[in-house]
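Please keep the sequence and the structure in view while reading.

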Amino acid sequence: MVTIYYVMIVNILYFAIMGLSYRNILTIFRRSKYSSYNTLSGSELVPSVSLLVPAYNEELTIIENVYCLMTLNYPTYEVIVINDGSSDKTLSVLISEFGLKKMSNPEIRGTIDTQNMRGIYHNPDYPQLFIIDKENGGKADSLNAGINFSHYPLISSIDADSLLEKDALIRMARMYMENPEEMVAIGGDVRIANGCLIENGAVQKVSLPRKIWPMFQSIEYLKAFLGGRIGWSHMNGLVIVSGAFGLFRKDYVIAVGGYRGGYPGEDMNIIIKLHRYMLSHKLPYRVAFCPEAVCWTQAPDSYKIISNQRMRWGRGNLKNMIENRGMLFNPKYKVMGMITMPYNVLFETLNPYFRITGLLALMGYTLLDMTHWRILLTFFLLNFLSGYLLSVGAIILEEIAFRRFKKLSDLWKMLLFSALKFVGYHQLGVLWRIQGHIQYLRKNNSWGAMTRQSWKEESEAA
Amino acid sequence: MFSHLIVAYIFIYICLGLIGLGIILLLQMKVSHNKEQHRREMYEQKHHDYFKYIQAHLEEEGALRLPPGKLKPLERKVIQEKYMEWIEQFKGDYRARLIQLCRDAGFVEADLKALSSVSFGRRLDAAYRLGGMRAEEAVPALLQMLQKGKYNSLSIIIARSIAKSAQKSEDVLEMLRILLSHGKPIHHLAADIMLESGMDASGLLLKLLDDPDPALVKVGLVAMWGQAVPEVMPVLGRLVGSEEKDVRAEAVKLYLSSNPALKDETIVHLMSDRNWEVRAAAAKALGPLHAAGSIPLLVKALQDANWKVRYNSAESLAALGEAGFEALCQAALSGAGIQREAALQRIELVMELEQEHSAIEQMVAYNKKRLIHDRYFGVKRKPVKRMTGVAAVGGDYTA
Amino acid sequence: MPESVTLQREQSTDVYHNLGERFKETSRELCGIMFLYCSGNPPQLESRVRDFLQQESGMEFEVLKDSSTQTLAVLLPGFTLDATHYQALLLKQHLLETMENVDPRITLTVFPGQVDPTPGVLKQMAESTRLSASPDIHIFTREEANQEPGRILIVDNDDTVREFLTIRLKMQGFETLEALDGTSALELIEKWEPDLVLTELNLYGIDGLPFIHQIQQLPVENTPKIVVLTEQRVERTISQCFQNGVDDYVTKPFSPVELDARIHRCFH
């Protein structure tokens, strides 16, 4: 019986978060409808941004990516690609495409420890582009190197396989400018680009993915970003800003010691550290989500890659929760300590175990006494319907504010796959998460021999 | 046991009901939106010739005609949006003529009426469009709307409408005052909004700089970047002595960026200011000034705790001819720590940059510098091997 | 039957000759003229046009038919150019509403105005109406009569801006093409070799300074002049543009008159 209540409580909480999203959606819709980004994007008064693009073995996609990033609708910014000791030709394709030369006397102002930098490349014909070549040290290490070299007060981390919409950055900057002192981090909306028509480094025609793995993820992302993060952002309780696209105040990122090296989950880690820092210094702050700033990413479309990705997420989530357990139920950390962290531990990190034990108990119960099959059925229905309701809710949010998918058939497809998600995909998600936890515990035993994770896959994550 | 199940059943029924409602709502929204989209396209097609007519004759004297025939509400909306798009693109007579067209078509009147609607959505919609049509008569109502609402992103939309429509500088000032009354440091945003005004910028700026409220003064200062407004220079001179830390820093930066002639004592004063931004701006300004007394000051500033000040000082020294360069070399050789780093960095940059130039005059200058350089460091291609790697100059991230 | 062809030609030149003579007599007075052509030449066209024009009270008009080009010439004495244009769009809308399967093509101008009403010009107008590829109403201009245009490539992602610039520059007699993004603009410049590129700085594909550089490095005989028309108001960008050989820089919102002046300066 407990499990049924657990499921109901979890879902009521989800609904509450989504309710907050609903409260905000009209404002979001209006502000994106009535804001003219054209005048802002030419203005001298918009803060300058350094885009940091860590790249590890990205020779195939990096050129298109850099072109995309160099044509953003933004007044002053620079693109810093950090080649993290790639073993392929990432660096040389960049050098030959953009005619780059090694800078003989680069100024590196930052003091965060990173792997040794081998050189910085630049071509005056492309004044906003810099390439840092450094020894392999992982994604977080690359971001730190980028921070050390960057010239501007805001930084934005962008995955090398993601495409930003032309207005994405200026939309975030508008949000920043409305509250510049308190805004420490802003996350963007990540969407799945599989199936869309991509031309000239931009998504030209939006449609749903044709393969099933990306299709499931598409709905999952919609649910997580629109249904969840808008609500969390409203409470200032966001626990993660997607690594694929986020904007940060450089001074605070440095104040918390930059990104953490080695392990996955560096995007969640930096946000928790920022929360911690701001709250313990009693500074007013906000970590916000900007759903109108969109970044398109390529979703993994095979079982192997997606399971790896999810296991890594599970591992990262668990690690971050354990490392920051001190914040749990600590009134000093306000919303973060009292709501977000407990919520994450109970309903995200531990969720798989509750569900599985609950299911096993119920099944055992039913096996003992077949007359209770109705309870089992109720349990399944409860799970399915509440989950489906959340999906429908997220699609409605999308329909109110963004309407990226134009066709009626897309709507049917989304509704169908939202239902199919509960047959198989959902269960796999639970499994992957547990596998991730097991991985983490194993790694923990061999703490000394920390193997470096190649993050070719990392960059595919959101 | 069964009472528990009943709770679960109720939950299930509620979910089912909501799902049903949600799906119906979704379909209804999608269908009606697609239909509207379709009709919009149709109307755009229908008025294609009319739109061409307007664009071809904006220049000629005489009133432009309104679109022919009786118009449906959505049709009017399509046309109004088109007018507004043009208004945003054009300046001067063209814009004025289109605004007149909006008035003639009754668009302004309709939106003024909508401004007192019960629904907030309609009011905001009207506010946005009135700004787009530069409707001066809407300003008082808009100001009231801005005053009443809480500060959020929607206030910015109303504020922009006021800035666009206002014909009196008091209205713009009032709008800025309301915007800044929430205590958020949104001076850059406020300045950007202010610059949307169709009024003469220099008049507005003068008023802002003279305002007793330091927040408004700051907006004025921020807005002046990128605008050459000679009229305000005297006011700036006064603000350089301001008590407000931020105001002073901004004013000094602006004042110095116009390359004024400085007295020696002013220079000394500025170079020892407590605010690093002021020191950095002063160090930067000394380069092009060619004041003889500035070299020792700059050498001293090479030891400044702030990176930007050191950087600018080294840059200015390098710009001060052979004497400056010699001082730089001396600092690099005899100085220590951060001073040495800053000097060396600049020397390397100078040597490298000037190698690329070919003009004879610059060759002469370069050769002189080369001589000085070699005297200090010996004849080597690179001066002194610096530690490569990270953390070369020490930390500062404010810029 | 060669004779009849000659006969027709004489007849048709006569229409224009007569018209030309008439305009000469009334040369002081304003008169709008439009040529109307419908493919398939529907039989009631002329009467419908007459009926429609009669409805507008207090308006003088005259409808002439040229049998060789199958066009109708409508004279509207006292009409200015914009009034003629407005009348033309009313007429077109009326025809589209009342007749099935019509595809009216209209060319118009006003005398005295851009062109002199010589029989040759009138003939040219009628011909261009018949051969017009686009269903848009067309204004006949002096430069078109002279056929000595400069070529301008308009590069902007914004439909509104592109449409306006095209209309305006065409009326001034320039030959124009449009490109939506940087990459296709570069291709067009190489193929079409325009004299001037009027471009936004913010484009898809490639934009800003790299775009300017690419234009200058294209293997064309005469590198086109570059005029930038953009939202970008950052001072540093503007000066970088001038350093890199941009001929002029205009910020949006812009004054079309000023833009004209700057474009003309580039051509002289």
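## Contact between chains A and B

Contact means heavy atoms within 4.5 Å. By that rule, 65 residues of chain A are in contact with 63 residues of chain B. This is a predicted model, in which local features need pLDDT of at least 70 and side-chain atom pairs count only at pLDDT 80 or more, while totals for chains, interfaces and linings use all residues. Residues are numbered from 1 along each chain as its sequence is written, chains are lettered from A in the order in which they are written, and side-chain values use heavy atoms, with hydrogens and water left out.

Buried area is the accessible area (1.4 Å probe) that two parts lose on being put together, summed over both. Between chain A and chain B this area is about 5700 Å², and carbon and sulfur atoms give 68% of it. On the chain A side, A:Y34, A:L45 and A:R109 lose the most area to chain B, together 14% of what that side buries.

## Salt bridges

A salt bridge is a side-chain nitrogen of Lys or Arg within 4 Å of a carboxyl oxygen of Asp or Glu. The rule finds three across the interface of chain A and chain B. B:K184 and A:E182 form a salt bridge through their side chains, at 3.8 Å from N to O.

## Aromatic pairs

Rings of Phe, Tyr and Trp (its six-membered ring) pair if their centres lie within 6.5 Å; planes under 30 degrees apart count as stacked, over 60 as edge-to-face and the rest as tilted. Over all chains there are 34 aromatic pairs. A:F216 and A:F417 make an edge-to-face pair, 5.6 Å centre to centre with 65 degrees between the planes.
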